[in-house]
Amino acid sequence: MTGEETGTAPPVATAAKRPKRRYSRLRLTVLTGAFLLIAVNPFVNYYLHIDFIQGWYQSLGIGRLWFVSPLEGLESLLITKSPYLPSLVGMLFPVLLAFFLGRVFCSWICPISFLLELFDRARRLVSAKPFLRNRLLVAKRLLWFVLIAELVVSLVLGAPLFVFLSPPGLVGREIMMAVFFGTLALEGVVVIAVILLELLTRRFFCRTFCPLGGLLAFLGLKRRLRVHLQAADCTGCGRCSRACPMGLQPEAGEGLSAYCWNCGECVDNCRFDALHFRWQ
């Protein structure tokens, strides 16, 4: 007897489901909290004279515990050719985080990602299109050349280039400049340029020109948390690829690649539960 004759529902293996948003909502909550940490803290430092938390995500101090961006720490080490123990200790947690989870700083903590996430959501409200078609595509491996070039240029100049021009660092620095000195630095135009690029391609700077992202991706080459594809449940609809802000194709297994930053967008948007985070 058929399902219609018995009154039972047909198999659901190929039945599309409404996209889930659990990782998207959680990520926005974490991004908001991480942004507020560096946005509110200068006011607390300046007006309340409470300095328990200092700095921003290039160098962030919580009490006596300091966290140092791996790229800025590496630049300093290469330029001075002299290991500085507090800096090395400060780099330890971010390095371990990238080693086990990959580029999660980029997708879950970075203030640039927070601003671009808000920009992307505002665009959806105006255009009523869930996904932006990427109009500016370059080879993914360019990320590695940018990382190498940044380190080489810093060595040639004898100055940590990314310390001064890091968009994630510039956000916190501009807020601090505005609070403490009532002005903004000229370097802030870099942040504006990164945001405007979002009109052409989602996360263009993040997936192509951010040397910090390149270093974190390198550290996470053997990361323990990855997006896995259950091929038997995949229909090849391509929705996950359209949802991926990094321009990857999760249905082709690119969730396992170094370029994936474990944001969970593809998992949320898969209507057939073919994609899952998995520890390995």
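**Terms and their grounds**

Trainee: Why is phenylalanine 181 called exposed?
Mentor: Phenylalanine 181 has a relative accessible area of 57%, and exposed means over 50%, with buried under 20% and partly exposed in between (1.4 Å probe, protein chains only); therefore phenylalanine 181 counts as exposed. This is a predicted model, where local features need pLDDT of at least 70, side-chain atom pairs count only at pLDDT 80 or more, and totals for chains, interfaces and linings use all residues. Residues are numbered from 1 along each chain as its sequence is written, and side-chain values use heavy atoms, leaving out hydrogens and water.

Trainee: Where does phenylalanine 181 lie?
Mentor: Phenylalanine 181 lies in helix 9; helices are DSSP runs (H or I, at least four residues), as are strands (E, at least two), numbered from the N terminus.

Trainee: What makes glycine 90 buried or exposed?
Mentor: Glycine 90, found in helix 4, has 1% relative accessibility, so glycine 90 counts as buried.

Trainee: Which residues is glycine 90 in contact with, leaving aside its neighbours within four places in sequence?
Mentor: They are Trp66, Phe67 and Val68, where contact means heavy atoms within 4.5 Å. The C-alpha atoms of glycine 90 and leucine 65 are separated by 7.7 Å, although these residues are 25 apart along the chain.

Trainee: Which residues of helix 3 are buried, and what covers them?
Mentor: Pro70, Leu71, Glu72, Gly73 and Glu75 are buried in helix 3 (residues 70-80). Their cover includes strand 3 (65-68) and helix 4 (85-101).
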